[in-house]
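Grab a pencil and open the viewer. Let's work through a few exercises together, one step at a time.

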Amino acid sequence: MSKLGARSVIAVPYIWLLLFFLVPFIIVFKISFAEMQYSIPPYTELVEFVDEVLTINLNIGNYYYLIDDSLYAKAYLSSVRIAFFATIGALLIGYPMAYAIARADANTRNALLMMVMLPSWTSFLIRIYAWVGILKNNGLINNGLMSIGIIDEPIALLNTELAVYIGIVYAYLPFMVLPIYTNLVKLDNSLLEASADLGCPPWKTFLTVTLPLSKAGIIAGSMLVFIPSVGEFVIPEMLGGAETLMIGKVLWQEFFNNRDWPVASAVAIVMLLLLLVPITFFHRYQSRELEA
Amino acid sequence: MSDAAPSPMLEIRNVTKRFGQLSAVKNVSLSISKGEIFALLGGSGCGKTTLLRMMSGFETPSEGAILIDGEDVSQVPPYKRQVNMMFQSYALFPHMTVEQNVAFGLKQDKLPKAEIDAQVEGMLKLVHMTEYAKRKPNQLSGGQRQRVALARSLAKKPKVLLLDEPMGALDKKLRGQMQLELVDIIESVGVTCVMVTHDQEEAMTMANRVSIMHLGEIMQVGSPSEIYEFPNSRHTAEFIGSVNIFDATVQHVGTESSQLSSEDLDCVLQVEGGINALEGAHVGVAVRPEKIYMSRSKPEQGENWALGKVHDIAYLGGHSVYHVRLPSGKVVMATTTNVDRHEQRLTWEDDVYLYWSASSSVVLYQ
Amino acid sequence: MQTGKLSTWSKSFLSVGFFFLYAPILILVIFSFNKSDLVTVWAGFSFKWYGELFRDPQMLGAAWISLKIAVLAASAAVVLGTMASIVMVRMGDFKGKTAFTSMITAPLVMPEVITGLSLLLLFVAMGQSLGWPGERGMLTIWIAHVTFCTAFVAVVITSRLQELDDSIEEAAQDLGAPPWKVFFLVTLPIIAPALMSGWLLAFTLSLDDLVIASFVSGPGSTTLPMAVFSSVRMGISPQINALATLVILAATIAVFIAWWFAQRSLKSTTVVGDD
């Protein structure tokens, strides 16, 4: 490829991503050190000329505030906890599905895979909304259980943490199945046969051959579920009720309800730091896939 | 054909190619004349593919020059070179029909449509693929794909045709047949051809001249029989066919014949003509297995013989290969043609005399 | 992996999984035809909620805005994503490649609230210092969607490009086509199905996005998910079920078309073994 052509092919997406992906984070970082004020925009400048003297107003108050008010710590913790257990739930349902699909013959495989993906092509919001109708007090589950007389009065399902777990597993299940499937389908059958030939029973072959070889898929799938779940807003908002604390919801409220942009920025920065390890983990896997 | 014509069609002048610290091709010079079929033969990583890619323009030499028909093309990109390549995977465009594949190169030259059609028709006829013109590549068998790939690379009437492992994607049975068919087509067109292969049989069947590459260098260039009968190095001798090599010390250098001694043999080793080494120098003496005779009785000649025990026999139908262990421990291979069905053949642990003529041995200096 | 008939275990895993995935959707669809105002009590078949949906100017307006943004964002994301894939698969190493791949992969998992907030703050800062964008609306939503959709498109196209034999592109060059022509005559037609599915993916992602759009939208640019969200916050409405059914129908048709294309191209573009 000609030098100029090659450079412009690199430059266009590069500049776009720098401008609209990297620079925004720097600005969030900057504003997390600003102070809220009632103006447009609703934050103070970090660098100002006050009486022709350059002053830097670095305000770590937002971060202090996050530590001081236990609400934030609780929200971070419960976000990570909920995301973690939901990821495990998705893995427990997703792995056997991916395994079963990978073992089907080629035609069935494609059809099954399409069936896994189909729900995620419909609206996320609507799929979560579907669960409201199922879980609420006069929803399908409670009505059904009451009509066959197992319970006398509705059990609280909606606006509980359980509902959030269901929502996350439901919404993110395809993202767990897909990478594991991609990994398992590449697995050479002769490895399994070799293991059987060497005297290893099927369950042991699964544990010592299949599972370790699908590690990359498990990691990718888990990260694809875990990371966005930590910052999830729609699911806790619609299914979790006021009781369920999740950091995405806190950030949203800080921003839209309290209009405190600097604190929202600080919340975002801390969330990013929290997710840095899993994101690098994911990135290492993904860039291997992309560059291989 | 082995004599280089006055003005070569393709000339490689002191070409070196480095990838970082690694030199894939080291100071290679070659001259290939018009109409020749030339093979670059070597194992994987010997630099043959890099050399081919420099001829086609996908790599540029770090040093040296590549001339096509007298013109330096070292810096000319592949799409401006009058060189076409048949790729190992054939690289047929999957979204185009056979016809469109063959026409692709001609369309790039913006030839009038009628001319392109005529040319495509001629090419398809040449490779016997006329009736498959409207098919897509995935509807063809391996051999058919190869023919289309050949037609496509010949359509532009290139000055040099490059073949990258031409039989690499075919199964073994089809190879022999396609090798000869390919040569027929190439010779009927009269195009100069350079092929890369790791398969010595393929190189020797198809090419007029063969060059052996090893670690980025050309070890030897010659006709297939020259390379086989007169290898100039241990590597070449061992790479082409099988060979017995005796480590030997030069005893006496004469004009008619010369004598050497080897720790593996009790008798003197005698070779034809002189040796380009001083007395006392260490060299190798190579003898091909089919040039060694076997006998139960002691041969009459005083030199070039050995007594051993049959250690192993490989019966290959047409001929058998005997592995004979000498008292020194060295195992020597000898082949016999199985002419008589009822012959009383030598068997395991039999004592056997081996002998060969002075003109069968080749001195290897490196 | 071993292929063949599914075992009983496999079948039961799949049944449970698919029941979990499809039951809520099915329920949603069924109750969209319910006569009753109550979403969960069946009172007879009716199309009344579809009628109400099509008489709701707010919903229709929001849907129109969302469609426009989705088409434009998907198209731009396919262009950028294709360029990014070529950079990653075909360009070899260059300075800053690691940073480049990070910026491609990170948006795949970035929590939406962070992406939304950061882009909004960028637009505000740019508006302050450059005077552009003057106000937030469709343009800013478009930029935001292009950015995160590019990552998804790049993943889809990259995996297709990796499967593509380099020598096919080299053969085109060898036959006299300069690089730009190779791209348009050979590479692009071969990866077209991937571009198609990349476009569809980006289109749905854009159509589906609530959080990021909420951050970067302005007055007068309410997207469909934003309208739906504010409506369901008020409480459950069968009208949303009707909308959901239409969305599911559209998605199913789109996926089948995409699948059909993929199958067809699979038949005609992959070089299969000897026959």
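This is a predicted model: local features need pLDDT of at least 70, side-chain atom pairs count only at pLDDT 80 or more; totals for chains, interfaces and linings use all residues.

Residues are numbered from 1 along each chain as its sequence is written, chains are lettered from A in the order in which they are written, and side-chain values use heavy atoms, with hydrogens and water left out.

**Exercise 1.** Work out how many helices and strands chain C has.

*Solution.* Start with the rule: helices are DSSP runs of H or I with at least four residues, strands are runs of E with at least two, and both are numbered from the N terminus. Apply that to chain C and you get 11 helices and 0 strands.

**Exercise 2.** Find what share of the residues in chain C is buried.

*Solution.* First, buried means under 20% relative accessible area, using a 1.4 Å probe and protein chains only. Now take the 275 residues of chain C: 57% of them are buried.

**Exercise 3.** Describe where C:S217 sits and which residues C:S217 touches.

*Solution.* Step one: look in the loop between α9 (211-216) and α10 (224-234) of chain C. Step two: C:S217 counts as buried because its relative accessibility is 13%. Step three: list the contacts (heavy atoms within 4.5 Å). Leaving out residues up to four places away in sequence, C:S217 touches C:R136, C:G137, C:I141 and C:M226.

Definitions and conventions: Buried means under 20% relative accessible area, exposed over 50%, partly exposed in between (1.4 Å probe, protein chains only).
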